[in-house]
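Reader: Please set out the fold and the chain contacts of the structure shown below.

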Amino acid sequence: MLFPSVEWFQALCDAANANPERFRRLGTVDLVLVAKIDYPHQSRLFEIVFSGYHCGGVREVSSIRAAREGAVILEGPFAAWKEMVANIKANGQADLAHTLNTLTLYDTPMRVWAESQLDTDLFYRYQQNLQEFFDSASHFETEFAGPEATSVYN
Amino acid sequence: MQHYSPAVEKVLDHMSEVRSGKLDLSWMNSNPGGWGVRATPRDERGLGLEDLNQVGTYGDVPDYGGEHGSMAPRGAEVPPNTPALGCYDINDKSLVWADNVALLYDEAVARQWSSARDIPWDKLKPLPDDLEKAMCQLCTGLTEVEFIAGDMPAKWMWHINHDFHEVKCFLATQIADEARHLEVFRKRALANGGGLLKASPGSEQLLRAIIEAPDYTTASSLMHILAEGFVLTLFRNGEMLALSEVEKKIFRLCMQDEARHVAYGTMHLKYFLEKHPERAEDIHEILRQGEEAIFGLSMEPQTSEPRAILAGGGVDHIFEGMAKLSYLYTKQVREYLHRLKVAGLDRSSRLAIPLELPS
C-alpha cells in the first residue's frame with residue numbers, strides 16, 4: 001500500500017475498527033488528527049476523524065484551513081514519516097526511538113500543534129491509542145511514494 | 001425486655017402499620033416533572049454522564065447549589081424535613097465548574113488502567129548503575145509529588161455542593177488516577193534492583209502552596225494548570241527517555257491521565273474568570289508564587305540531574321543532557337502560558353521565572 005495515501009491511512013482505520021476490543025480497552029478518543037507529510041515544495045495532508053471507540057474515516061485535504069475545526073496537526077518531512085513507518089514494520093511496533101511522543105517532543109523531526117493548546121493537549125490525552133493506531137502499520141506492506149509524489153490538489 | 005431508642009421505636013411502630021396493610025406510596029407520585037425520561041447513549045461508547053444531562057431538566061446545573069445542603073440528587077424532589085449535612089459551603093457553580101467536566105469524567109472512567117496488569121514488567125532489563133539510579137531518582141520524585149493531586153481534590157471535594165456532582169465525580173477519578181501514579185512510580189523504583197533515593201524539599205514547598213491555597217480555584221490553578229502542566233511535559237520527557245518498553249508504557253499512560261486533569265483545570269479557570277473577572281489578580285498572585293516554587297524545584301539536583309543523566313545517556317554525558325532539557329523547559333513554560341491564554345489569563349509579561357534558561 002502506498003504511503004502517503006488515503007488508502008494507507010484508511011487501512012489503519014480499518015485495523016482499529018476491526019479490533020474494537022483492543023481499542024475499547026484503551027478508552028474513547030474524540031479527535032481530528034491531520035497527518036501532514038512535508039516535501040520540499042509541497043505538503044500532503046490527511047484528515048483522520050476519531051469518535052468514541054471508532055475511527056470515523058480519512059480524507060485528503062488541500063490545506064490545514066480545509067480541515068475540521070480543532071484539528072491537531074502531526075507534521076514532519078517525508079523522510080521522518082518513512083523512517084517511522086519502516087521502523088514500525090521492522091519491529092512490529094515503534095521502537096524506543098520512534099514513538100510518536102519521542103519524534104515530536106523536541107519539535108524535530110516531527111511536530112504536533114493545533115490552534116489552541118487545549119486541542120494540542122488532546123494528542124497527549126490519547127497518546128496510547130494513537131501509538132497503537134500507527135503501530136497497526138506493522139500488519140501490512142507499505143510502499144513509499146518518492147519525494148516527487150504529487151497531491152490530488154496539484 | 002429490650003428497650004430501644006425513640007427513633008427505633010418509631011420505625012418498629014411504622015413496621016406494624018405496614019404489616020397491617022397501611023402503606024404510604026406517596027413517593028410514587030413525587031417529582032412529576034422529572035418523570036418519563038429516557039437517557040440514551042450517543043454512540044457505542046455506552047451511557048455516559050454527559051448523556052444524562054441531555055434529558056429533561058436533569059442537565060440543568062444551577063448557578064447556585066440547592067440550599068437543602070444535603071446529598072439529595074440534583075433533579076429529585078427534596079422533602080422539607082431533609083437534614084443538611086452542614087459541610088457544603090462551596091455552593092456557587094462558578095467556583096468549581098468547567099464546561100467539559102462531564103465529558104472528562106466519562107473519558108476518565110473509560111480510560112482507567114492497572115499498573116499491575118497493563119505494564120509489561122517482565123520486559124525490565126538490568127541497566128548500568130548510573131542509569132538505574134537516575135531512573136529510580138526520577139521515580140522517587142514522581143512518587144513523592146503525584147498524590148498532591150489526590151490530597152488537594154480530597155480537601156475540597158466534601159465542601160462542594162452536591163448539585164455539582166459532575167465535578168465531584170471527576171475529582172474522584174483524579175484521586176484514583178493519582179493513586180495509580182504514586183504506585184506505578186514506586187513500583188518502577190523497586191522493581192529493577194534499585195530502590196527509592198532522595199526526597200525533595202523543593203517539591204514539598206510547592207505541594208504546601210497547593211494545600212494551603214486559600215480557595216478551590218486558586219488551588220486548582222496552581223495544581224491543575226501550573227504543576228500538572230509542568231508534570232505533563234515531564235511525563236512526555238520520561239517517555240522519550242525510557243530505557244525499555246516498561247517506562248515507555250508507564251509514562252505514556254500517565255501522560256494521558258495528566259492531560260485530562262490539565263484540561264479540567266484550564267476550562268475551570270476559564271469559566272471562573274468569565275464570571276469573576278475581578279479575581280484575576282488573585283490568580284496572578286498564586287501563580288506567581290507557584291512559578292517561583294516550581295522553578296526552584298526544577299533546578300534542585302535530585303530533580304534536574306537524573307533527567308540530564310538519562311537525556312545524555314549516562315553520568316559522563318550529563319552536560320549534553322542538560323542542554324537538551326533546556327529546550328524542554330522553554331516548551332513547558334510556553335505551553336503553560338498558552339493554556340492560561342485559553343483560560344483568559346495573560347501572564348506572558350508577568351511571568352516570575354525566565355522563559356529560557358541561561359546557556
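**Fold and interface**

Author: Chain A holds six helices and seven strands, where helices (H or I, at least four residues) and strands (E, at least two) are DSSP runs numbered from the N terminus. The model is predicted: local features need pLDDT of at least 70, side-chain atom pairs count only at pLDDT 80 or more, and totals for chains, interfaces and linings use all residues. Residues are numbered from 1 along each chain as its sequence is written, while chains are lettered from A and ligands numbered from 1 in the order in which they are written.

Reader: What radius of gyration does chain A have?

Author: The radius is taken over C-alpha atoms, and the globule rule is 2.2 Å times the number of residues to the power 0.38. For 154 residues, a compact globule would come near 15 Å, and chain A agrees with this at 14 Å.

Reader: Which element of chain A gives the largest share of the side that touches chain B?

Author: In chain A, 22 residues are in contact with 27 residues of chain B, contact meaning C-beta atoms, placed from the backbone, within 7 Å. Strand 3 (43–52), helix 4 (100–105), helix 5 (117–125) and helix 6 (127–135) of chain A each give two or more residues to this side. The largest share, five residues, comes from helix 5 of chain A.

Key: Contact = placed C-beta atoms within 7 Å.
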